[in-house]
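Let's take a walk through this structure together, one part at a time. Keep the sequence and the 3D view open as you read.

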Amino acid sequence: MSHEAPAAPPHVGDLLAAYISNTLDPVQTRQVRRHLAVCGACQAEEETWRRIAAALQTSEAAVTAPSPTTMLPRIWARIDAEPAPPIRLPPAARLALGGRIVLAQARLIHRSVWLASACAFAAVLIYALFAARRQELDTVLGLALPLITAAGAAFLYGPEADPALEITQATPVPARGVLLARCGLLVAYDLGLALLLTALLAGPAGQGLDRLTALWLGPMALLSAISLLGSLLAGPLVAFGGAVALWLTRLLPLVSGASLPRAPDGWWQTNPPILLVAAALFLLALLYADRRPLPA
Amino acid sequence: MDSLVSERRCGMGEGGAAGEIALVAQVAAGERLALAALYTLHHQAVFRYLLQLTPDRGLAEELLQDTFVAAWRGAGRFEGRSAVKTWLLGIARRQAHNALRGPSLLLDGDAALASQPATDPDPGDVVLAQAEQAQLAAALKRLPLIYREVLALAFIQELSSAEMAAVLGIPLGTVKSRLRNGKRALRDRLTPREELP
């Protein structure tokens with residue numbers, strides 16, 4: 001510290017109000033005290049502030065707020081009566097929330113859906129590798145893969161299939177969001193497995209991958225959408241049964257040569273119109289999910 | 001930067017402040033008991049503040065209700081960066097502004113007033129020092145809201161300057177100049193008319 005006579009410390013006028021209410025940090029408090037010891041003008045100002053504070057505090061002394069017993073019931077009544085306004089999230093937060101919903105739904109989808117799909121794909125793979133003749137491969141892929149996905153779609157959502165439906169319905173996430181999340185998960189999963197399967201079965205250099213994929217992609221989309229919508233409208237068993245029946249009308253004639261009434265083969269191709277129809281059916285399902293009457 | 005959580009608050013140490021922040025987290029989780037505890041801790045302070053903003057006791061009670069309902073809804077957004085009391089006072093201020101809808105709460109006429117160098121003592125203070133308490137109290141009640149509010153926060157709520165800045169939504173420097181100008185406005189009201197320059 002310097003041994004010359006210290007310069008007069010600056011006046012502390014702006015700190016006095018805080019000094020009086022004891023809200024200064026220790027360093028500033030000491031600084032103010034040191035200054036007040038030597039500056040009469042600031043002492044006078046401090047006295048002024050104290051009088052103002054005293055006048056304010058005495059006028060407030062008589063005020064009493066409504067007691068908790070009085071006020072709390074009114075607060076609860078207000079909270080219960082008014083639904084919370086929807087919270088608008090910024091886009092980044094909305095994406096993060098979407099991600100969390102998807103992860104949560106992954107846990108809620110019944111384990112059997114994942115397991116059954118995987119087993120079915122594995123079965124198809126084994127059959128195709130070891131038992132199918134070349135020309136049968138096309139048929140196997142085109143028929144089996146869409147059916148597997150349609151089965152998953154039938155059991156994806158709904159009280160019969162959903163052990164956690166109450167929890168789902170109790171969250172603020174709308175049914176539509178839940179369904180969207182689950183479909184996204186299932187599609188990603190099944191599509192991934194199907195592509196993997198196809199890649200394994202395609203030639204070693206990957207030739208024919210396009211052709212093989214085209215055998216099942218369109219039918220998978222269409223049949224799954226039908227199955228999902230059917231599941232929402234009439235329940236998973238009906239939906240699955242319907243999908244199977246629909247599919248049998250394709251399968252049997254191929255196997256037995258019998259002629260059955262069936263949808264024209266043009267329905268089961270992979271092309272933009274079919275994919276559009278599948279998308280439209282899916283949107284319908286989404287719309288219906290929210291309006292679906294809740295189970296009693 | 002001033003810390004917003006003062007240790008001297010209500011005799012609670014750091015543990016108390018952290019405990020209150022935990023209370024708000026419980027409110028966010030939907031625990032009514034936690035909101036009840038917050039009300040018990042802070043209803044006097046919030047009510048006294050609201051009475052500064054409106055002398056109508058009935059309206060102040062309604063605003064008190066509004067404040068805690070809003071605290072219930074907004075607890076999830078509280079990040080613990082300020083003291084819980086500061087947060088509640090800020091909510092109360094917004095509720096009052098919505099209800100009163102007057103320009104007075106947000107009036108920023110400080111720039112229009114001449115400013116002395118920030119720290120030099122004001123010679124006019126002698127008037128204030130000599131005024132009687134009753135006169136002072138009466139003059140305080142007649143101050144414009146913008147000054148009454150900051151003086152009340154400083155000496156009744158005993159907020160630090162940084163906390164006041166947070167509640168009022170103004171820079172720290174503006175808090176200090178508003179206090180200064182409030183003192184000057186008070187002095188002007190006490191000075192007999194003939195003596196004003």
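**Where the two chains meet**

The contact (heavy atoms within 4.5 Å) takes 52 residues from chain B and 45 residues from chain A. Before going further, some housekeeping: this is a predicted model, in which local features need pLDDT of at least 70 and side-chain atom pairs count only at pLDDT 80 or more, while totals for chains, interfaces and linings use all residues. Residues are numbered from 1 along each chain as its sequence is written, chains are lettered from A and ligands numbered from 1 in the order in which they are written, and side-chain values use heavy atoms, with hydrogens and water left out.

Back to the interface. Between chain B and chain A, about 4300 Å² of area is buried, and carbon and sulfur atoms give 62% of that. Buried area here is the accessible area (1.4 Å probe) that two parts lose on being put together, summed over both.

What about charges? The rule finds 5 salt bridges across the interface of chain B and chain A, a salt bridge being a side-chain nitrogen of Lys or Arg within 4 Å of a carboxyl oxygen of Asp or Glu. You can look up the one between B:Lys183 and A:Glu45, where the closest N and O atoms are 3.3 Å apart. There are also 11 residue pairs in polar contact between chain B and chain A, both residues at pLDDT 80 or more. A polar contact is a pair of N or O atoms within 3.5 Å; within protein, one must be able to donate a hydrogen and the other to accept it, and residues adjacent in sequence count only if both atoms are side-chain atoms.

Which helices of chain B supply at least two residues each of the side that touches chain A? They are α2 (32–53), α3 (57–74), α5 (125–130), α6 (133–142), α7 (145–155) and α9 (172–190). Helices (H or I, at least four residues) and strands (E, at least two) are DSSP runs, numbered from the N terminus. The largest share, 11 residues, comes from α2(B). By class, this side of chain B has 25 nonpolar, 10 polar and 17 charged residues; Ala, Val, Leu, Ile, Met, Phe, Trp, Tyr, Cys and Pro count as nonpolar, Asp, Glu, Lys and Arg as charged, and the others, Gly among them, as polar.

Now turn to α6(B), where B:Leu136, B:Ala139 and B:Leu140 are buried. They cover an arc of only 105° around the axis, so they sit on the same side of α6(B); the arc is that of the directions from the helix axis to the C-beta atoms. On the other side of α6(B), B:Ala134, B:Lys141 and B:Arg142 are exposed. Buried means under 20% relative accessible area, exposed over 50%, and partly exposed in between (1.4 Å probe, protein chains only).

Chain A has 12 helices and 0 strands, and of its 296 residues, 40% count as buried. Among its contacts between residues at least 6 apart in sequence, 74% join residues at least 24 apart. For one example of residues separated along the chain, A:Ala122 and A:Leu193 are 71 residues apart in sequence and 9.2 Å apart in space, C-alpha to C-alpha.

Most residues other than glycine have a negative phi. A:Asn22, though, has a positive phi of about 65°, and its place is in the loop between α1 (13–20) and α2 (26–38) of chain A. In chain B, the phi of B:Glu158 is also positive, near 55°, and B:Glu158 is found in the loop between α7 and α8 (161–168).
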